[in-house]
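Here are my notes on the model, written to be read with the structure open beside you. Shall we go through it point by point?

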Amino acid sequence: MVRRILKVGDENLRKVCKPVVKFDLRLWLLLRDMAETMRKADGVGLAAPQVGILRRAVVIDVGDGLVELVNPEILHEEGCQGGAEGCLSVPGRRGYVERPQKVRVRAQNRRGEFFEFDAEELFARAVCHELDHLDGIIYLDKMDHEIFEDEEEQDGKEEKR
Ligand code: ZN
């Protein structure tokens, strides 16, 4: 089921989300709906608070397949990348944001099992962007400047989260 995406200005986007404690059917349906909602909106990531659920769960797909992260945390970050960023909760706008080049992440899967992985470049950017949502942070808080159509990055890649 595609859920409604909350837009900037909604106070739910500014709250710190609670950990997921039950790895049950309700969580699975949430994750399924989040993936469906993200794809429908043509985004590369979506966090639970963006659909009004104040729990620490995100989905990401930067083109390498769907990744579900429950209670994710960044263990370590390295380097720095600057680039264009957008957000499904901030339609029609993009900004230049600096993020780590690489992050080491620990999370739980939908069954509650812990796993760790490294994310780089666009994947790292998406992880950082989505994890920020879980703490009520929107990329607008971190962006250096707004990006307008005529100063688009050379690769012109459209990324929405
Ligand atoms: Zn976002």
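1. A word on terms before anything else: a residue is called buried when its relative accessible area is under 20%, exposed when that area is over 50%, and partly exposed in between. Arg161 has a relative accessible area of 0%, so it falls in the buried class. Keep in mind throughout that this is a predicted model.

2. Where does Arg161 sit? Look in the segment after β8, the strand made of residues 145-146. Along the sequence, Arg161 and Val62 are 99 residues apart, yet their C-alpha atoms are 9.9 Å apart in space.

3. Now the five-stranded sheet. Its strands come in the order β1-β2-β3-β6-β7, the sheet is open, and the pairing is antiparallel. At the edges you will find β1 (45-47) and β7 (114-120), each of which pairs on one side only. On average, and with direction ignored, neighbouring strands here are turned by 40° against each other.

4. Going strand by strand, β1 and β2 run antiparallel and are joined by three bridges. One to click on is Gly45, whose bridge partner in β2 is Ile60. On to β2 and β3: four bridges join this antiparallel pair, and Val58 has Leu69 as its bridge partner in β3. Then β3 (residues 67-78) and β6 (residues 102-108) are antiparallel too, with six bridges between them. In that pairing, Val70 is partnered with Gln108 of β6.

5. Which way do the residues of β2 (57-60) point? Ala57 and Val59 go one way, Val58 and Ile60 go the other, and all are buried. The hairpin of β2 and β3 has six residues between the strands, and in it Gly63 takes a positive phi near 115°.

6. There is also a sheet of three strands. It is open, its order is β4-β5-β8, and the pairing is antiparallel.

7. For the partner of β4, go to β5 (residues 90-99): the two run antiparallel and six bridges join them. Together β4 and β5 make a hairpin, with two residues between them. If you want to trace the pairing by eye, Gln81 has Arg99 as its bridge partner in β5, and Glu85 stands opposite Gly95 of β5.

8. How many aromatic pairs does a search of the whole structure find? It finds two. In one of them, Phe115 and Phe117 are stacked, at 5.9 Å centre to centre and with 20° between the planes. The other ring pair is Phe117 with Phe123: the centres are 5.6 Å apart and the planes are at 15°, so this pair counts as stacked as well. Phe115, Phe117 and Phe123 form one aromatic cluster.

9. Buried or partly exposed: what are Phe115 and Phe117? Phe115 has a relative accessible area of 28%, so it is partly exposed. Phe117 has 13% relative accessibility and therefore counts as buried.

10. Last, the pocket. The largest pocket has a volume of about 350 Å³. Its lining is made up of Arg3, Val20, Val21, Lys22, Asp24, Arg26, Leu27, Leu30, Ile53 and Arg55. What classes of residue are found in that lining? Five are nonpolar, five are charged, and there are no polar residues.

Note on methods: Residues numbered from 1 in each chain as written. Predicted model: local features only at pLDDT ≥ 70, side-chain atom pairs only at ≥ 80, totals over all residues. Heavy atoms only, no water. 1 Å grid on protein atoms, 1.4 Å probe; cavity = no way out; pocket = protein on both sides within 12 Å on 5 of 7 lines; lining within 4 Å. Points joined across faces, edges and corners; volume = space filled by probe spheres on them. Nonpolar A, V, L, I, M, F, W, Y, C, P; charged D, E, K, R; others polar. Phe/Tyr/Trp six-rings, centres within 6.5 Å; stacked < 30°, edge-to-face > 60°. Buried < 20%, exposed > 50% of the residue type's maximum accessible area, 1.4 Å probe, protein only. Pairing = 2+ DSSP bridges. Axes fitted to C-alpha atoms, helices over the stretch in contact; angles between N-to-C directions.
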